[in-house]
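Hello,

Here is the structure I promised to pass on. Please open it first, then read my notes below.

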Amino acid sequence: MQHGDKGQTGVSGYEIVRQEGVPVDPNGFEQVVVTCPAGKKVLGGGFVGNGAKLLTIRSFPGAGGTSWIVTVQNTDTVPLGYSGYAICANVQS
C-alpha cells in the first residue's frame, strides 16, 4: 500500500482574539479567560489596561492550550478596565 505525502508542518489561520474583562475595583483583582475558536491553539497572549496602576499578576496559557488567562490587580483609587488577548492559530505537527 502506498501513502501520500504527509504534508507540511506549520501554522495557519493566525488571529488575535480579544475578551473584555469586568472593571477592576480599587485594590481589587480580576481574571479573564480568552478562548481560541474551535480547533485552534493559543500561541501567546497578554492584556491591555486603561491605567498605569493596573498590574499583571499572572498571564499564562490555559489547560489544553486553547486559551490565555490573565489576572490583574488595580492599585489605583478608581475602577479600571482592561482586555485580555490570545494569539490563536491552526497548528499542524
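**What I found**

Tyr-82 is buried, because its relative accessible area is 4% and the cut-off for buried is under 20%. Keep in mind that this is a predicted model.

Tyr-82 also has a partner. A search of the whole structure turns up one aromatic pair. Phe-47 and Tyr-82 form it, edge-to-face. Their centres are 6.4 Å apart, with 75 degrees between the planes. The pair links distant parts of the chain. Phe-47 sits in strand E3 (residues 41-49) and Tyr-82 in strand E6, 35 residues apart. Is Phe-47 buried or partly exposed? Phe-47 counts as partly exposed, at 25% relative accessibility.

Next, the core. The largest nonpolar core has 14 residues. Leu-54, Val-72, Tyr-82 and Ala-86 have the most contacts inside it. Strands E2 (29-35), E5 (67-74) and E6 (82-92) each supply at least two residues of this core. Beyond its neighbours within four places in sequence, Ala-86 is in contact with several residues, including Ile-16, Val-34, Val-42 and Trp-68.

Now the whole chain. There are six strands and zero helices. The C-alpha trace spans about 70 × 20 × 15 Å along its principal axes. The radius of gyration is 17 Å, whereas a compact globule of 93 residues would have one near 12 Å. Of the 93 residues, 30% count as buried. Take the contacts between residues at least 6 apart in sequence: 71% of them join residues at least 24 apart.

Best wishes

Technical notes: Residues are numbered from 1 along each chain as its sequence is written. This is a predicted model: local features need pLDDT of at least 70, side-chain atom pairs count only at pLDDT 80 or more; totals for chains, interfaces and linings use all residues. Side-chain values use heavy atoms; hydrogens and water are left out. A nonpolar core is a set of buried Ala, Val, Leu, Ile, Met, Phe, Trp, Tyr and Cys residues joined through side-chain atoms within 4.5 Å. Buried means under 20% relative accessible area, exposed over 50%, partly exposed in between (1.4 Å probe, protein chains only). Helices (H or I, at least four residues) and strands (E, at least two) are DSSP runs, numbered from the N terminus. Contact means heavy atoms within 4.5 Å. Rings of Phe, Tyr and Trp (its six-membered ring) pair if their centres lie within 6.5 Å; planes under 30 degrees apart count as stacked, over 60 as edge-to-face and the rest as tilted. The radius of gyration is taken over C-alpha atoms; the globule rule is 2.2 Å times the number of residues to the power 0.38.
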